[in-house]
Amino acid sequence: MQRNGGVVGNGSQSWVLRRVRLTWLSFMLFFILVFFPLIAHYYLTTIDETSGPDRRIFGPRPGGELCEAKHVQDLCRIRESVSEELLQLEAKRQELNGEIARLNLRIEACKRSIDSAKQDLLQLKNVISQTEHSYKELMAQNQPKLSLPVRLLPDKDDPGLPPPRSVQSCRLHTCFDYARCPLTSGFPVYVYDTGSYPWGENIDPLVKQAFASSVKSNVYVTDNPSIACLYVVLVGEIHDSSPPPSPLDLEKQLKALPYWRSDGHNHLLVHLSRKSLTQNFLYNVSTGRAAIAQSTFLERQYREGFDLVLSPLVHALSEPNFLEVPPQVPVKRKYLFTFQGEKVESLRSSLLEAPPQSFEEEMEGDPPADYDDRIIGTLKAVQDSHLDQVLVEFTCKNRPKPSLPTEWALCGEREDRLEVLKTSTFALVISPGDGQLVASAGCNMRLFEALEVGAIPVVLGDHSKLPYHQLIRWSEAAIMVPKPRITELHFLLRSLSDSDLLAMRRQGRFLWETYFSTSESIFNTILASVRTSIQIPAAPIKEEPAQEIPHKAGKMAGTDANMADNGDLDLGPVETEPPYASPRFLRNFTYTVSDVYRTWNHAPGPFHLFPHTPLDPVLPSEAKFLGSGTGFRPIGGGSGGSGKEFQAALGGNVPREQFTVVMLTYEREEVLMNSLERLNGLPYLNKVVVVWNSPKPPSDDLLWPDIGLPIVVVRTEKNSLNNRFLPWDTVETEAILSIDDDAHLRHDEIMFGFRVWREARDRIVGFPGRFHAWDVNHQSWLYNSNYSCELSMVLTGAAFFHKYYAYLYSYVMPQAIRDMVDEYVNCEDIAMNFLVSHITRKPPIKVTSRWTFRCPGCPQALSHDDSHFHERHKCINFFVKVYGYMPLLYTQFRVDSVLFKTRLPHDKTKCFKFI
């Protein structure tokens, strides 16, 4: 037992010993594997640091000790050789990179040179093309330039004309001496002094005073009777307290006139009437070859095409107040038509007898003796039917005004008649029952009053001669109805549309304002009628003389790339000739031959001769290639083309031309200089006119930019926004670009606007659009600048218009409008839009997408004031009152270039890059 137990004990001890030895061996192995490398590393590094550079173990050894072996030496040589080759390659690479950079610079320079050469070549081709055109035009002029004819002068003895068969057969070709009125004479008129003949003392003083005032302001009147074309004698109206001279005495006094020359040729006897009953004391007077101008004529007395039917002189000295004239809308008024008058000869039979027979029954028998009886019965039947509200009165409440036999006398006072006419859509004018009375002062007075307040005249009787009927198309302002159609009158008046009625009312307002409203307009119309009959042009309209302010030009202005960028295309050919003016007065004699009726029946009338108008006719397209091509520059020589061909020529329907920039400024010199510099390089620019609106002159040391074109600085008499539209004589082109001094437009925008204007010369073409809006609450108009899909105005701070409208704005447009512009220092652009729309009945044209045009960073203008919009509201409503209606019209489109947003082949280019 013990032995076995001892054996067991020894076995356990041996297992423990083996376990201990294994643990010790593991520990020693761990110590050797971990600490020995650390101790060796520390020792070796210590030896390397303490032994000095000559005893370094791991560093590079000097003298190539490591290369002592042959193969190591070979490796070192290879390494050194490779290093040298790498260094050489790196140097060569850097050298090649520098060469590549230099070659790239040369390539870019060559590209620029090529582009410049291409542009120069294109410009040279354009110059050659223009030179060829100019040469062909010069060669095509086979006749010398037309010069003025030799002026015809009458003989001093003035033997006169061969006598006509009778005085009643006088016509211009038989009784008028054309030798005294050559085409280039200027139509000199000599007016006799009323104190130089005996019956002049008996003329109504108001008539004499009004006549003298009109004569004093007339451009045709001369004090030299020896050169006169026409001699005017005022013969009436005779004052009520003075009896008219007897026919025999009047003939003697006429023949005693110093320039009567036995038969009175080239004399005009003027009888102005202020009353409805005027003395026709020239009826039995032998006036020889003298023409007669008066309101009343008998058929045996009137000489068609020689004598003149005048309107009455209502406003002898006082000017009519246009603000008191009723508005033209609403079109339909309270009464469909009105008539107030009394005719004693017809009243008794019309009011006491039975109703007349029908026209059908009457036509089966004898013709009616007096249509006035039937007119009374028909009009009373219309009134009693109550289909429309009409007012007809055939008896006057008070004593009727004196009238001629068979003529309808006026009732009441003038003010009472006008109040009735203001509520009438139509005003009946019944011609005298006596067919021998072809014109009467009473009928003309009714016509005058109807036109004055906007009642459309309805003239019953086709035998009546209305004032200046040879020249005025009365059918555009009045309704002419033969008396036999009286039964159809009601139907006829009701069938007219509102647009037709308003057009007739507007035309009547034009006739009244232009020819009948004042004594001055009546006298001017008399002379214009004679002048037109003998085919002499009107006097040229006045141009505003420009008082230039001297200024010093500085350095050459640069061209902003952003202002002139249009891609690879030029905006226009380089002009090799100096700026050229638009041709002037090419149609001065045409107006008196072919445009007579248009001139007389459209604003502004026949009183002025304009150098050019936007209404001149254009040639058909083939004419420019078949003998009438002078001045035309067709695109691609007529074959058309895209961008390059388009920019090389103006094309279009009119000959080549340029435009003038008119820039209004007020003491903003830095802004002005920047704006002028931006115009450098702008094609087709003729000159720049700077309207200096400040009383303070420009600074003495101010250097103006040199843009290669004239810059004319004009001094103004006063600070007025109306100065923007004065027709300065220094503006020599038809096209005017009106632009503010802070406007910021690119060259391509300006050129596109110019091209569009050339196709719509009678309209304003510009960039920022505005519109008029109706205020429902206040029943008035508002000025609106919000974004809108409808426009009615284009601001003239950046717009093209024809110089023709500058004349109209300054000399024809009512003075009250210009006065309001001066009062508010505002609204001149609205006034110009009103004027052009009134003349043309067309809206303006907006180009490009611009809504504003102010330059960034410029000082604020007047338009930023809070009161600016309130004043413009007032301006619009005031202008409407002056014109009598709202002339502005809406438009719902703007204009962009033809190929805008069009996909093109690679060999085609667009007209404009950004438009």
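User: What makes S15 and S16 a pair?

Analyst: Two strands pair if DSSP finds at least two bridges between them. Strand S15 (residues 659–665) and S16 are joined by seven bridges and run parallel, so by the definition of at least two bridges they count as paired. One example: Val-661 has Val-688 in S16 as its bridge partner. Strands and helices here are DSSP runs, with helices (H or I) of at least four residues and strands (E) of at least two, numbered from the N terminus. Before going on, please keep in mind that this is a predicted model, in which local features need pLDDT of at least 70 and side-chain atom pairs count only at pLDDT 80 or more, while totals for chains, interfaces and linings use all residues. Residues are numbered from 1 along each chain as its sequence is written, and side-chain values use heavy atoms, with hydrogens and water left out.

User: Which β-α-β unit do S15 and S16 belong to, and what is its handedness?

Analyst: S15, helix H17 (residues 669–677) and S16 make that unit, and it is right-handed. The word applies when, with the strands pointing away from the viewer, the path from the first strand over the helix to the second runs clockwise.

User: Why is strand S16 called mostly covered?

Analyst: Eight of the eight residues in S16 (residues 685–692) are buried. Buried means under 20% relative accessible area, exposed means over 50%, and partly exposed is in between (1.4 Å probe, protein chains only).

User: What is the strand order in the five-stranded open sheet, and which are its edge strands?

Analyst: The order is S1-S2-S3-S4-S6, with parallel pairing. S1 and strand S6 (308–309) are the edge strands because each pairs on one side only. Inside that order, strand S3 (residues 267–271) and strand S4 (residues 291–294) run parallel and are joined by three bridges. Leu-268 stands opposite Ala-291 in S4.

User: How many disulfides are there, and what makes Cys-181 and Cys-229 one of them?

Analyst: The structure holds four. A disulfide is a pair of cysteine sulfur atoms within 2.5 Å. For Cys-181 and Cys-229 the S to S distance is 1.7 Å, so the pair meets the definition. The torsion about the S-S bond is 95°, and the link is right-handed. This pair links distant parts of the chain, 48 residues apart: Cys-181 is in the loop between helix H3 (172–175) and strand S1 (189–191), and Cys-229 is in the loop between helix H4 (205–216) and strand S2 (230–236).

User: Why do Cys-181 and Cys-229 get the burial label they have?

Analyst: Cys-181 has 5% relative accessibility, so it counts as buried. Cys-229 is at 0%, so Cys-229 counts as buried too. Cys-789, at 73%, counts as exposed.

User: How do you know the handedness of the links Cys-827 to Cys-875 and Cys-170 to Cys-175?

Analyst: The torsion about the S-S bond of Cys-827 and Cys-875 is about 85°, so that disulfide is right-handed. Its sulfurs are 2.0 Å apart. The link of Cys-170 and Cys-175 has -80° about the S-S bond and is left-handed, with sulfur atoms 1.9 Å apart. Both Cys-170 and Cys-175 are buried, and both Cys-827 and Cys-875 are buried as well.

User: What makes a space a cavity, and how many are counted?

Analyst: On a 1 Å grid over the protein atoms alone, a cavity is a set of points where a 1.4 Å probe fits but cannot get out, and lining residues have an atom within 4 Å of a point. The count is eight cavities of 30 Å³ or more.

Technical notes
On a 1 Å grid over the protein atoms alone, a cavity is a set of points where a 1.4 Å probe fits but cannot get out, and a pocket is an open set with protein on both sides within 12 Å along at least five of seven lines; lining residues have an atom within 4 Å of a point. Grid points are joined across faces, edges and corners, and a volume is the space filled by probe spheres set on the points.
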